[in-house]
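Here's a quick briefing to read with the model open beside you. Have a look at the chains first, then work through the topics below.

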Amino acid sequence: MKLEPEERWRLIDRVARETVQYGAEKTTIKSTLAELTVKPFTGIPFAIAILYGFWAFFNAFAGFFTDGFFVPLFDDLWLPWIQEAFPLEGSWFYYILVGDPAATNSFEAFGILTSGLFVAVGVVLPAIVAFYLVITVLEDSGYMPRLAVLVDTVLHKIGLHGFAVVPMILSLGCNVPGVASTRTLETKKQRFMMMILLSIFIPCGAQLGVMLSLIPEYFGYIMLYLLAGFFVFGWILNKVVPGSSPEIMTDVPPFRIPTISNVSRKLWVKVKGFFTNAIPFVLLGVGLVNILYLVGAIDWLSNILGPVFTGWFGIPKETVAPLIAGFLRKDLAVAQLSAIEMSGFQLITSVVIISIYFPCIATFSMIIKEGRNSGGVLKVLGGSLLTLVTVVFLWGGLLHLIGMILGVT
Amino acid sequence: MTILLMGHPNVGKSAVFNRLTGANITESNYPGTTVDFTEGHTFIAGKEYRIIDVPGTFSTEPKDEAERVALDILEEHEDAVVIVVIDSTKVERGLYLAFEVLERGYPAVIALNMWDDAERQNINIDVSRLEEILEVPVVPTVAISGKGIYRLVEKIPSATQVDIKDLKEKISEL
Amino acid sequence: MKQKTFNFILILVGASALIPGILELLFTLTGKTFTWGEIAFQGEFMFWRGVVLLASGVFYLTAVYHTSRTEKRAQAVLASLMIWIVGGMEILSVILSSIPGDGGRWFNSTQGFFSSYTGPFIPAIFLLPISLVLVLLIFGEERKNEG
């Protein structure tokens, strides 16, 4: 037998009156503190402090491992040894696995066992451990949903509505769960919008980590430009895509002190996932690019795409190779870009292009999977590709234009 | 036998699941982290049970895809026992879902999770009175620390269906 | 603790956070670095440290105006937390950067290790003890009131 909702509430009301007593709720310092973190006046400076702490921790931690130990390990010991010990110097086999026999640092060697291993283990691994450690602590303490509420409040104040902040913050860890979490959104329009915006504009944890490690001086500009794109195109999509986007409510949990066991378990799951899923892809990416070089495909593509790259985006045509690697791993692509000789502004532009030109394979397959629930795969894919092409050309070209106006190209 | 863990988002279903199965799924202090279901196995009184961590849902009338998944799982397992996980600081909201589950004829056990938060907020819940009225086992738990999980497990075999008509009359007479 | 005493402490701590915060911002904007005794106004991201320090100073000072006992104290705790984020991370980075060596050696020399811990330090470091004492006082008081 099923009850009507009103009937159900009436019965629950009675039961609750009989069994539950609400004592005077004490306002404790802890609960007041929790409120202060979502009020803009106190919440925004606190969020800045948290972000600063994030950056400072990241710098100290990743710097300790990467610059302190992995760089000397790979550059002074591993690289000279393998360049010497590996047989068949001059063959295609040597080229793919070891790369440039004269390279003096692991970045510029470009072989699977040199650059590939170094980027995967020496750069990305410390970066993601530091990154996820902070994310997990913030998540378990209950600060993340508060940050979401705060961002939401600020967005509303400046007239931006309908953004789902929770999937956005999850996407900063990895786009795949970010896209998956759009499932909690109510309308097809919202799901479609957020899926596209997230996968285009929000860089994932691994990419963020590599950017912070290798090109920290440009990190702020790149993020600023990507987030601006997120909101500009979000605003446009909200106008263009039919359907409604109702307000999104987030429940705010109480603050808790994270437990070491849960934090370490989550971290372990992430690190394990990195070893099984990410490292093979990074190595594969390096291998693929080397093979494409060998068969001449990269040169061929560079020559075809060169005019577009130099003319429209203002970046050197050598960036084609990292762009291809970016299909597999964006972190690898950023690392390869940082080894190419170009101006600071070109580096910013090319990292922006790498971020927005196409989601990585893992995210892309998640979009296909989720597309089924959001208005059909074809519709979602068609819409995504259309948005994607528009975004890449407009937003990428605009950056070039900004550079020309500022006179830095 | 199948046990379904149901409840609102962020009431600690995943934590209960980990406690029951000894599994390693991640718990977050963040609503909506479980959007797909997870399955595990456990032995209770020598019998093997299959446990499913259902995505958080406010009611059995789905409003989004994650809730849709939740309803599908519920409907697929007609002979399941449901553990309704309730946030002890928001009993009414949780009971709404519990009622819906009972109305659909599922035997249920209610876990009053986050019991420590309720205590801290000076909320008093008369557990035995609640059990008496609903005729459903009710167990206070603190899933992150494991408190009450053992009693919750003990109560699972004693979960029975509830006659809603009787229940309605009984409550109306209170 | 009497409201008056507490307010006095708030003003004291608030001012000693606010002033270096403003200085850090000024030095960033004028592109200068400055060392005063053991206090250094320099380093990467000084601008943001300045913002955080300034905001925490403002929070301590405006807490004086709250009439609600709890709100006053919560805001002071928030400000102290912000100082601890900045100062704590600085300590961590000093520790971590003191360990690896350079120029062909894996670990730092003993002398190099210890010399990492001689100043000058950023202003937030000097605010750590007093803000910690304040937080301990506040929570100790709350526990006592609860009985």
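**A strand pairing across chains**

A:Val20 sits opposite B:Ile125 in E6(B). Two strands count as paired if DSSP finds at least two bridges between them, and helices (H or I, at least four residues) and strands (E, at least two) are DSSP runs numbered from the N terminus.

This is a predicted model, in which local features need pLDDT of at least 70 and side-chain atom pairs count only at pLDDT 80 or more, while totals for chains, interfaces and linings use all residues. Residues are numbered from 1 along each chain as its sequence is written, and chains are lettered from A and ligands numbered from 1 in the order in which they are written.

**Who touches whom**

- Chain B and chain C don't touch, and their nearest C-alpha atoms are 12 Å apart.

**Chain B against chain A**

- Here 37 residues of chain B are in contact with 42 residues of chain A.
- On the chain B side, the elements giving two or more residues are helix H2 (65-76), helix H3 (91-103), strand E6 (123-125), helix H5 (127-134) and helix H7 (164-173).
- H3(B) gives the most to that side, with six residues.
- By class, the side of chain B that touches chain A has 17 nonpolar, nine polar and eleven charged residues. Ala, Val, Leu, Ile, Met, Phe, Trp, Tyr, Cys and Pro count as nonpolar, Asp, Glu, Lys and Arg as charged, and the others, Gly among them, as polar.

**Chain C against chain A**

- This contact takes 26 residues from chain C and 23 residues from chain A.
- Helix H2 (46-63), helix H3 (69-98) and helix H5 (123-146) of chain C are the elements that give two or more residues to the chain C side.
- H3(C) gives the most to it, with 15 residues.
- The side of chain C that touches chain A has 18 nonpolar, four polar and four charged residues.

**The sheet in chain B**

- Six strands make an open sheet with mixed pairing, in the order E2-E3-E1-E4-E5-E7 (chain B).
- Strand E2 (38-44) and strand E7 (138-140) of chain B are at the edges with a single partner strand each, so one side of each has no neighbour in the sheet.
- On average, neighbouring strands of this sheet are turned by 25 degrees against each other, direction ignored.
- E2(B) and E3(B) run antiparallel, joined by seven bridges; the bridge partner of B:Ile44 in E3(B) is B:Lys47.
- Four bridges link E1(B) in parallel to strand E3 (residues 47-53) of chain B, where B:Leu4 stands opposite B:Ile52.
- E1(B) also pairs in the parallel sense with strand E4 (residues 81-87) of chain B, over five bridges, and B:Leu5 has B:Ile83 as its bridge partner in E4(B).
- Strand E1 (residues 2-7) of chain B has five of its six residues buried, so it is largely enclosed by the rest of the structure. Buried means that 20 or more other C-beta atoms lie within 10 Å of a residue's own, with C-beta atoms placed from the backbone.
- H3(B) lies across E1, E4 and strand E5 (108-113) of chain B, and runs at about 165 degrees to E4(B). Axes are lines fitted to C-alpha atoms, for helices over the stretch in contact, and angles run from 0 to 180 degrees between N-to-C directions.

**Chain A overall**

- Chain A has 19 helices and one strand.
- Its C-alpha trace spans about 85 × 50 × 45 Å along the principal axes of chain A.
- Buried residues make up 45% of the 409 residues in chain A.
- Among chain A contacts with a separation of 6 or more, 73% are between residues 24 or more positions apart.

**A helix pair in chain A**

- Helix H17 (residues 344-356) and helix H19 (residues 377-406) of chain A pack at an angle of about 170 degrees, with their axes 10 Å apart.
- H17(A) and H19(A) are therefore roughly antiparallel, a term for angles over 145 degrees.
- Residues that meet here include A:Phe345 and A:Ile356 in H17(A), and A:Trp395 and A:Leu399 in H19(A).
- The residues of this contact divide into eight nonpolar, four polar and no charged.

Definitions and conventions
Two residues are in contact if their C-beta atoms, placed from the backbone, lie within 7 Å. Angles under 35 degrees count as roughly parallel, over 145 as roughly antiparallel, 65 to 115 as roughly perpendicular and the rest as oblique. A residue is buried if 20 or more other C-beta atoms lie within 10 Å of its own, exposed if 12 or fewer, and partly exposed in between; C-beta atoms are placed from the backbone.
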